[in-house]
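Trainee: Could you take me through a single part of this protein in detail, and show me how that part sits among its neighbours? I would like one connected account.

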Amino acid sequence: MSSIASERSRNEMSQSPLAARGQMVVVDAKSLEEALAALNRPSTSWLIANGRNFGDFETIALSQALRQNKTLSELSLAGNSIGPDGAAALGCAVGGHPTLRELYVQKNTIGPVGFERMARGIMSCGGAPGLRILNASDNAIGPTIPPDIALPCLVSLQLSRNSIEEVPVALAECPSLHEVALDDNP
């Protein structure tokens with residue numbers, strides 16, 4: 001998430017965990033229970049659960065709820081402890097989600113196996129037809145990127161600080177991809 005969007009969301013959320021912005025309801029979940037409740041509300045369009053120490057167990061539970069949700073457009077799980085199992089479950093939930101446009105999972109512990117499983121899950125469960133932005137920076141996913149992550153609708157892929165040494169040709173051939181952030185990789 002850009003620093004402007006991050007700052008905006010922090011300011012908006014400082015008063016209440018639930019805030020309305022026009023037609024969009026933004027929820028800053030402080031716990032797994034709040035996050036699950038938000039995903040069960042059709043009015044929630046942006047769920048923020050950053051820095052909540054969510055690991056694989058919590059991410060799998062969120063992924064199961066996300067599969068039932070049909071209205072979320074933005075999901076931010078930055079700064080948690082998501083590992084390979086949580087990333088795989090999240091990938092499948094995101095792959096089949098009809099309205100999710102932005103996914104922020106930077107600063108987790110996904111690793112190379114988890115990122116590959118997440119990419120495979122996205123592709124095998126529907127290909128994330130609406131996903132435009134994916135930020136997976138700071139997850140130690142290198143040295144390579146799985147070619148499955150070249151999603152057909154992806155506009156921005158942020159993979160900074162991941163020890164990436166090799167980028168697949170599929171990314172260069174992805175027609176909608178306008179930004180690939182690879183800052184601070186070897």
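Mentor: Happy to. Let us start with a term: buried means under 20% relative accessible area, exposed means over 50%, and partly exposed lies in between, using a 1.4 Å probe and protein chains only. Helices (H or I, at least four residues) and strands (E, at least two) are DSSP runs, numbered from the N terminus. This is a predicted model, in which local features need pLDDT of at least 70, side-chain atom pairs count only at pLDDT 80 or more, and totals for chains, interfaces and linings use all residues. Residues are numbered from 1 along each chain as its sequence is written, and side-chain values use heavy atoms, with hydrogens and water left out.

The part to look at is helix H2, residues 32-40, where Leu-32, Ala-35, Ala-38 and Leu-39 are buried. Seen down the H2 axis, these buried residues fall within an arc of 125° (taken from the directions from the helix axis to the C-beta atoms), so they line one face of the helix. An α-helix has 3.6 residues a turn, so residues three or four places apart point the same way. On the face of H2 turned away from the buried side you will find the exposed residues Glu-33 and Asn-40.

What does the buried side pack against? Its partners are strand E2 (24-28), strand E3 (44-48) and helix H3, with contact meaning heavy atoms within 4.5 Å.

Take strand E3 next, which holds Ser-45. Ser-45 is buried, at a relative accessible area of 10%. Apart from neighbours within four places in sequence, Ser-45 touches Met-24, Val-25, Thr-71, Leu-72, Ser-73 and Glu-74.

The other partner, H3 (residues 56-68), packs in turn with helix H4 (residues 84-95) at an angle of about 10°, the axes being 8 Å apart. That angle makes H3 roughly parallel to H4, a label for angles under 35 degrees. Axes here are lines fitted to C-alpha atoms, for helices over the stretch in contact, and angles run from 0 to 180 degrees between N-to-C directions. Among the residues making this contact are Ile-60 and Leu-66 of H3, and Ala-89 and Leu-90 of H4.

Stepping back, the protein chain has 6 helices and 8 strands. Of its 186 residues, 53% count as buried. Among contacts in the chain with a separation of 6 or more, 60% come from residues 24 or more positions apart.

Conventions. Angles under 35 degrees count as roughly parallel, over 145 as roughly antiparallel, 65 to 115 as roughly perpendicular and the rest as oblique.
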